[in-house]
Amino acid sequence: MRRIYVDHAATTPVHPRVIEAMLPYMDKQFGNPSSIHVFGRETKAAVEEARRTIARLLGAEAKQITFTSGGTEADNMAILGVAFAAREKGKHVITSQIEHHAVLHACQYLESQGFAVTYLPVDENGRVRPDDVREALREDTILVSVMYANNETGAVQPVEEIGALVREKGILFHTDAVQALGMLSFDVSTLPVDLVSFSGHKINGPKGSGCLYVRETVKLHPLLYGGAQERNRRAGTENVPGIIGFAEALKLAQQDIEAKREKYAGLRQCFLDILRAEQVVFQINGDLDHCLPHIVNLSFAGVKADALLMNLDLEGIAASSGSACTAGSLQPSHVILAMYGDEERAGSAIRFSFGLGNTLEQIEEVAYKTARIIKRLHA
Ligand SMILES: Cc1ncc(COP(=O)(O)O)c(C=O)c1O
């Protein structure tokens with residue numbers, strides 16, 4: 001049985017060119033970038049070259065890029081880093097109910113440390129309303145964090161509007177762009193943002209790689225103590241192969257974004273057309289007009305997500321319910337719950353996400369097999 005991977009929002013296969021770029025840094029060029037000898041100097045130069053490449057591709061300056069171990073660390077660095085650096089100014093943070101747990105749990109930790117956090121609701125397309133942000137702003141608000149695009153539904157948030165109104169008040173704005181990277185073009189220099197999180201493994205790069213974009217006026221309290229790496233922002237020997245791989249992956253991801261978007265939107269349409277033709281009853285969670293093209297989240301009434309996922313897995317198809325982090329816990333998705341307040345809909349929600357290597361033929365097979373399984377589960 002051939003396997004079909006349609007869970008690219010959870011993680012992606014590493015692109016062969018990324019592996020090729022990384023290999024020398026696990027072999028001959030293994031030096032510690034902090035060492036003063038030639039081994040160190042060579043890897044230091046490679047890390048700085050990768051930083052310049054990433055900065056250029058994002059519209060940033062090299063000094064605005066801090067390498068992290070991925071999206072989770074970038075989110076934590078932004079939220080905890082800003083909150084602890086600005087606690088004398090105020091102790092109120094605003095975020096949304098549909099953020100990734102890397103943001104939500106960091107905010108919950110802040111609450112345990114005496115901060116107040118407002119978790120904004122979303123509309124039924126899974127989007128935060130800019131007016132809600134405006135109303136939630138307080139005298140003591142120090143940070144607003146709203147994701148660029150949601151990892152479960154693909155819903156693209158009105159970050160330009162939100163960022164503009166937040167920054168107009170002199171409040172810092174962070175956005176988690178982990179899922180949007182590679183699907184939307186980025187130019188952080190023109191976006192109204194102060195901090196942006198990115199991750200390598202969602203764009204065919206290595207796991208454990210990523211970065212935080214930080215505008216130079218932002219003060220950050222470090223999360224880690226140790227060496228002076230990353231301009232004292234992030235102690236610890238750099239993940240050199242990861243950084244090199246991330247830069248290579250970003251180069252590839254930023255090529256032909258339009259063609260990629262068209263391809264995935266086409267695969268998604270074909271998938272939905274087949275399900276409809278097979279008379280499968282489903283609800284789309286979100287609004288496809290404001291959604292990343294490679295993600296589609298569907299609820300199948302009367303079907304439990306875990307039963308469907310298990311049956312798909314037996315047929316060689318890898319999809320997911322909600323985010324990978326909550327998939328094992330059988331909790332209904334907090335994102336779908338925030339959108340509809342409907343436990344049953346949340347409990348039957350499945351995310352299909354397309355990416356490198358997926359073909360039309362594969363997606364047709366996924367659709368027909370999904371239809372067959374749903375009919376069987378209903379029988
Ligand atoms: C929106 C979002 N933020 C943050 C993360 C965490 O990123 P990482 O896996 O690189 O820690 C993920 C991963 O699922 C994500 O989808």
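This is a predicted model: local features need pLDDT of at least 70, side-chain atom pairs count only at pLDDT 80 or more; totals for chains, interfaces and linings use all residues.
Strands of a sheet pair through backbone hydrogen bonds, in either a parallel or an antiparallel manner.

The two strands belong to an open sheet of 3 strands with the order S9-S10-S12 and antiparallel pairing. Its edge strands are S9 and S12 (349-353), each of which pairs on one side only. The loop between strand S9 (283-284) and strand S10 (295-299) contains Cys291.

Which strands pair with S8? Strand S2 (residues 65-68) is joined to S8 by 4 bridges, and the two run antiparallel. Within this pairing, Ile65 has Tyr213 of S8 as its bridge partner. Strand S7 (residues 195-199) also pairs with S8 in the antiparallel sense, over 5 bridges. Here the bridge partner of Leu195 is Val214 in S8.

## Helix H3

Helix H3 is made of 15 residues, numbered 71-85. At 1.5 Å a residue, a helix of these 15 residues should span 21 Å, and the C-alpha atoms at its ends are 20 Å apart, which agrees with the expectation.

Residues count as buried when their relative accessible area is under 20%.

## A nonpolar patch on the surface

Ile19, Leu23 and Met26 form a nonpolar patch on the surface. Together they have about 290 Å² of accessible area.

Met26 is located in the loop between helix H1 (16-22) and helix H2 (38-58). Why does Met26 count as exposed? Its relative accessible area is 53%, and the exposed class holds residues with values over 50%.

## Salt bridges

The structure holds 21 salt bridges. One of them joins Asp27 to Lys28, with the closest N and O atoms 3.7 Å apart. Asp27 is partly exposed, at a relative accessible area of 48%, whereas Lys28 counts as exposed, at 64%. Another salt bridge is formed by the side chains of Glu61 and Lys63, with an N to O distance of 3.0 Å. Glu61 counts as partly exposed at 40% relative accessibility, and Lys63 is likewise partly exposed, with a relative accessible area of 42%.

Lys369 and Glu315 also form a salt bridge, in which the closest N and O atoms are 3.9 Å apart. This pair links distant parts of the chain, since the two residues are 54 residues apart. Lys369 lies in helix H13 (residues 360-378), and Glu315 lies in the loop between helix H9 (305-314) and strand S11 (317-318). Are these two residues buried or exposed? Both Lys369 and Glu315 are buried. They also take part in a network of salt bridges that links Arg2, Glu315, Glu361, Glu365, Lys369 and Arg372.

## Cysteines

How many disulfides does the structure hold? The number is 0. Among the cysteines, Cys107 counts as buried, with 0% relative accessibility.

Cys291, in the loop between S9 and S10, counts as buried at 12% relative accessibility. Cys291 and Ala180 are 111 residues apart along the chain, and their C-alpha atoms are separated by 9.9 Å.

How values were computed: Residues are numbered from 1 along each chain as its sequence is written. Side-chain values use heavy atoms; hydrogens and water are left out. Patches are made of residues with over 30% relative accessible area and no salt bridge: like charges are joined within 9 Å, nonpolar side chains (Val, Leu, Ile, Met, Phe, Trp, Tyr) within 5 Å. Accessible areas come from the Shrake-Rupley method with a 1.4 Å probe; for residues, only the protein chains shown count as cover. A salt bridge is a side-chain nitrogen of Lys or Arg within 4 Å of a carboxyl oxygen of Asp or Glu. Buried means under 20% relative accessible area, exposed over 50%, partly exposed in between (1.4 Å probe, protein chains only). The expected span of a helix is 1.5 Å times one less than its number of residues. Two strands pair if DSSP finds at least two bridges between them. A disulfide is a pair of cysteine sulfur atoms within 2.5 Å.
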